[in-house]
Amino acid sequence: MKMNWNELTKGIFKENPVFIIVLGLCPVLGVSTQVSNAIGMSAGVLFVLLFSNLLISALRNFIPDSIHIPAYIVIIASLVTITEMVMHAFVPAVYSALGVYLPLIVVNCIILGRAEAFAARNTVVDSILDAIGMSIGFALGLTLIALIRELFGSGTITLFAIGGFDGVIRIPWFYNNPIRVMSLAPGALLLMGYLKAFFDWKGARKEG
Amino acid sequence: MTKNIRYALILLSICAVSAFLLALTNSITAPVIEEMDHQSRLRALEAVSGGLEIGEQQSVIGVPYIDYMIPLTKDGTVEGWILGLKSAGYGGEMTLVASYARDGAMQFAQLLGHSETPGLGKKAEESWYMEKFKNTGSSKPVPTSKAMLSDSDAQAISGSSVTFNAIAKAIAAGSDWAKREGGVQ
């Protein structure tokens, strides 16, 4: 079995879903208020994208073209519902924090986009590598935005509570001087704009 | 015709496998979620009881917004009630528990379940949110509009008026019920 490692790495930087392809921005802007939310959402997207790519690629010769959209939607919606039930039962804090964005993974452009553009045309192994790469790229993009927003907006980095650790790291100077707009929707849009411009500039410099 | 039947069978088989997997996951997660909800309800009742003894739950029929009541007693005397309230928020039904004194004054309240928007109506589950209703319903009316709130409280609920109105109406209905039951009205 030949592994095409380019399928894995392209989603991380070259075709990063958040900064380069600009897919799935709704959850990126909505849940990036805390690092823990970003990690929870990334885990949900990884599970759904991995299994949807795997199943759609495995069934690509079984599902006729004329019914591929309803078939993909049933598969993706089922995987999202499974993720939702598991998170509700076993990580209720993350489930509650993600709120409406968790069921909205069904309509996340990354999932259906990768199913249509990649999994339906490639082998199972390549589709799995694509899903892992894209999920890592999405997780990096989302976590970077969440880290900057939470650091500047609240002066904290929220992870998960373990034992005596409450999960919140308070960063001294930032904690006492928060820039509140970073926690709000305009802050998310501003930051996304600056990061997109930075990645475009980096890409252009590399090409030039 | 044969082609359409084949398509229908393919979709049916995908739906059947999905339904089986969903049922399997539900059978594993449903008891865990149910137990968690039960524990969270017990914690909420304890938090709003104000240290009084929590009695047996009884249904309240035919009173808008009120689902059930639990008497709060001290040395065998009823000092107030916990009411299970329901109201229609922005994202659907909201459930909360609130405790009342015999004169209808709301003591403590906590949101149990809701589907409100994160960052807007979802703020109602934070502890400070219910403070604006504390001790209202007796000599001081329950604030049922933004105009009845202080500037800072009105600012805090900005963008979530539907959620605020839903909670306020349920709390006001609870207060009226407590006053009637307590013989004040």
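This is a predicted model: local features need pLDDT of at least 70, side-chain atom pairs count only at pLDDT 80 or more; totals for chains, interfaces and linings use all residues.
Strand β3 (residues 66-74) of chain B and strand β4 (residues 77-88) of chain B pair in the antiparallel sense over eight bridges, with B:L72 standing opposite B:G80 in β4(B). These two strands, β3(B) and β4(B), form a hairpin that has two residues between them, and in its turn B:D75 adopts a positive phi of about 50°.

Strand β3(B) also takes part in antiparallel pairing with strand β2 (residues 58-59) of chain B, to which it is joined by two bridges; here B:Q58 is found opposite B:M69 in β3(B). The hairpin of β2(B) and β3(B) has six residues between the strands, and within this hairpin a positive phi near 80° is taken by B:G62. A further antiparallel pairing, over two bridges, is that of strand β1 (residues 53-54) of chain B with β3(B), in which B:E53 stands opposite B:T73.

Turning to the contact between the chains, 20 residues from chain A and 16 residues from chain B are involved. On the side of chain A that touches chain B, helix α4 (residues 68-90) of chain A gives the most, with eleven residues. When the residues on this side of chain A are sorted by class, 14 are nonpolar and six are polar, whereas no charged residues are present.

Definitions and conventions
Residues are numbered from 1 along each chain as its sequence is written. Chains are lettered from A and ligands numbered from 1 in the order in which they are written. Two residues are in contact if their C-beta atoms, placed from the backbone, lie within 7 Å. Helices (H or I, at least four residues) and strands (E, at least two) are DSSP runs, numbered from the N terminus. Ala, Val, Leu, Ile, Met, Phe, Trp, Tyr, Cys and Pro count as nonpolar, Asp, Glu, Lys and Arg as charged, and the others, Gly among them, as polar. Two strands pair if DSSP finds at least two bridges between them.
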